[in-house]
Amino acid sequence: MTSYLGLAFNNLLRRPVRSALTVFGVALAVAVAVSLAGFNRGYRRAIEHSIERLGFQVMIMAKGCPYEAATMMLKGGTGLLYLPGDTLTKIKTDSDIKAITPIFIGVAQKEASSIRDDAAASFLIISGIETGSFTSMKPWIAFARGLGFDGGRWFNPDAADEVVLGYEVATYEQRKVGDQFLATIAPAGKADPIQHSFKVVGILDRTGTQDDGTVFLPIAAAQSMFNRPAELTIVGIKLKEFTGVKMREFESRWMKLPEVQVVSLQQVKNTLISLIGTAQTMVLAVAIIAVIVAMIGVINTIIMSVYERTGEIGIMKALGAFRGDIFQLIWLETLAICFCGGLVGSLLAWAGTHLIESAIKRLIDIGVQGSLVDITWEVMLTAMGSAIVLGFFAGLYPAWRAASMRPIDAIREGIG
Amino acid sequence: MMQDPLIHARGLCRHYHRGIETVKAIDGIDLDIMPGAMVSILGPSGSGKTTLINLLSCLDAPTAGTLSIAGHLVDAMSEDKLAAIRRGLIGFVFQKFYLIPTLTVAENVELPLLFFKRTITREGTMNILRQVGLEDRARHLPSELSGGQMQRVAIARALIVQPRILMADEPTGNLDSENGAAIFGLLRHLVRDQGLTVILTTHNLVLGNQADRIITLKDGRIVTDSAPPSFPSSTI
């Protein structure tokens, strides 16, 4: 014997193309919603990961746009501003500081790249660091191992011709430990750029952060090559106690310096999330419109199906079906469409994660590393639940229409 | 001792309005139908056959008069109460078969039980199909059947809830004469062997005249009634 659910599915199979198109409409709406939810989760996670992997809680940098400053540390950039040379000496005296590391960042032009790329990849981020304080902030940093990577070490602090490459730079430029590495640097205040030759002494293991795309030099050598002796781009700081109160106290102490801004990485995180907020709102609007269109499609399909089966509904009522039976049957058909749409949509979104991610990365320059779309079972189940709720409401009107038919009118109409 | 009529109608009317005109589809019919009878309702198109059978089967409510079915006074009942009376008491067969094309013959026959929240064994379904001569077609889809076979399935579907009355509105209307005669024969067999009361409308005078009782309508009124002498006669 068939059941209400079996009968509902049977009815949907009578017009397979129409039912499939309606399911596909719901699936598309659900896929958009799941992707958006996955992007929200993934983006937050990626930001948190990227910021955590910077290794410090507070950055001190030259006054300028704080948003630009925030994203620069995460994804690099040009138009860098520099701190005066004595900033580090002054800030080091603060008793709330647990650890501090100076960083000099400059942008160089690639030379003799093994891969021809006239676009963005023709520039390099050069980072001058003090290895001791830098690695104490980022204890996870390690040298890559394997053929061409073995034997890596940090450069000599006094050497001017040794570099350590981030993993992506090394693989993109096809460099091994011991290879030569060329970069052209335009020193500040000088007209002609100078080509420098370096020896690759180490290649870092992948970190999933901007460090992977960075070329590391001793800080003094970097400052000298860019003709900015003693200047710094960033001072990274870990506080002994990182609370809101302590942060505000620290900030008020050092904001007094005329050329300095203090940026909390919590602020950076909030800034980055708010930067993407507008885009998320637009995508959310698209998702809502898609859901409404899908809902209208479902109502239309079920109403058409009800009208086509007027006579059958009439005979079912004549044979003993109550209003509730017909209501239940039509409602189940709607729920079945929405459930299938939810399932297919969730699976589509899950299967297309990488496609969505690369599309988002192409459309929006977000400035965080790692996976940006995080579609979990919870997200998929929530989406499917929402699709069923959608069906719950979409099915009310057609089910009510069918249940309200007088059997005599329905049969007469069916015969006509 | 004389049996009570299964259907008892007095002054039955069904009037409706079409613009400013009042159409008297049924106009003051008195009628008693005893259990176990096969009654044909004949008449030209527009004579009120279908309206009368709709009233007698609780699908429609009269605008005047009294109607009692199996002891239930149904003329003033709401639609839901009429539906409750129909359930299990009346089975239906129409000119159009209304079988669900994606269900098998057996599943179509079992369909009403879904609404009765009852189950039946496959053997029970096969017994019903055997009565209508379709036991070998249980797994077939309606599209694999002839018109006559589809009407047999519709009859089996009506019988599955063991009704006391079978209402058949033009049951042979979509069939050729051979299949029509076979369906008529099947209905007669159900009356004779199972004591079912069958009320049918038809345009086919040859078949209609083979019933136990023949009622002829014209303009919503009974013009002839061949009720046997022992039955209370309807009035004109």
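**View 1. Strands β9 and β10 of chain B.** Strand β9 (residues 213-218) of chain B runs antiparallel to β10(B), and four bridges join the two. Strands here are DSSP runs of E of at least two residues, helices are runs of H or I of at least four residues, and both are numbered from the N terminus. B:K218 stands opposite B:R221 in β10(B). The model is predicted: local features need pLDDT of at least 70, side-chain atom pairs count only at pLDDT 80 or more, and totals for chains, interfaces and linings use all residues. Residues are numbered from 1 along each chain as its sequence is written, while chains are lettered from A and ligands numbered from 1 in the order in which they are written.

**View 2. The open sheet of chain B.** Six strands with mixed pairing form this sheet, in the order β6-β7-β8-β3-β9-β10. Two strands pair if DSSP finds at least two bridges between them. β6 (90-94) and β10 (221-225) of chain B are the edge strands, each pairing on one side only. From one strand to the next the twist averages 20 degrees. Angles run from 0 to 180 degrees between N-to-C directions, and axes are lines fitted to C-alpha atoms, for helices over the stretch in contact.

**View 3. Helix α6 of chain B against strands.** Helix α6 (residues 177-194) of chain B lies across β3 (38-42), β7 (165-169) and β8 (197-201) of chain B. The helix runs at about 155 degrees to β8(B).

**View 4. Helices α11 and α14 of chain A.** The axes of α11 (residues 323-351) and α14 (residues 396-404) of chain A come within 8 Å and cross at roughly 150 degrees. α11(A) and α14(A) are therefore roughly antiparallel to each other, a term used for angles over 145 degrees. The contact is made by A:R323, A:I326, A:F327, A:I330, A:W331 and A:T334 of α11(A) and by A:P398, A:A399, A:W400, A:A402 and A:A403 of α14(A). Residues are in contact if their C-beta atoms, placed from the backbone, lie within 7 Å. Nine of the contact residues are nonpolar, one is polar and one is charged (nonpolar: Ala, Val, Leu, Ile, Met, Phe, Trp, Tyr, Cys and Pro; charged: Asp, Glu, Lys and Arg; polar: the others, Gly among them).

**View 5. The side of chain A that touches chain B.** 23 residues of chain A are in contact with 27 residues of chain B. On the chain A side, α1 (4-13), α10 (310-318) and α15 (407-415) each give two or more residues. α10(A) gives the most, with six residues. This side of chain A divides into 13 nonpolar, five polar and five charged residues.

Methods
Angles under 35 degrees count as roughly parallel, over 145 as roughly antiparallel, 65 to 115 as roughly perpendicular and the rest as oblique. Two residues are in contact if their C-beta atoms, placed from the backbone, lie within 7 Å.
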